[in-house]
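Work through the exercises below with the sequence and the model side by side. Try each task before reading its solution.

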Amino acid sequence: LGYDEVTASSLVKVDLHGNVVHPGHAVIDYVRGHVNKAGFIIHSCVHSARSDLQCVLHTHAPDVVAVSATPQGLLPVGQAF
């Protein structure tokens, strides 16, 4: 889903162990109930450490996504190398 397509009801609800509590209402079948494992690990660690939080979000800045999508990734260049 694109960011402009995400709604509260389309989100997958999981418990701290990664079990799907509610699959969400995504229009696309293969998205419904799908949990990104890497994203789950990051978010569940924060929720485990901070019981006062109700929601954990992160974004992917377009510049960072563009660099990480290149075959070389971020190259170690500069005065320190």
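The model is predicted, so local features need pLDDT of at least 70 and side-chain atom pairs count only at pLDDT 80 or more, while totals for chains, interfaces and linings use all residues. Residues are numbered from 1 along each chain as its sequence is written, and side-chain values use heavy atoms, with hydrogens and water left out.

**Exercise 1.** State how many helices and strands the protein has, and their order.

Solution. Start with the terms: helices (H or I, at least four residues) and strands (E, at least two) are DSSP runs, numbered from the N terminus. The protein has 2 helices and 2 strands. Along the sequence they come in the pattern β-β-α-α.

**Exercise 2.** Is S44 buried or exposed?

Solution. First, locate S44: helix α1 (residues 37-49) contains this residue. Second, apply the cut-offs: buried is under 20% relative accessible area, exposed over 50%, and partly exposed in between (1.4 Å probe, protein chains only). S44 has a relative accessible area of 11%, so S44 is buried. Third, for the whole protein, 10% of the 81 residues count as buried. Last, the side chain of S44 reaches the backbone oxygen of I41 at 3.2 Å.

Note on methods
A polar contact is a pair of N or O atoms within 3.5 Å; within protein, one must be able to donate a hydrogen and the other to accept it, and residues adjacent in sequence count only if both atoms are side-chain atoms.
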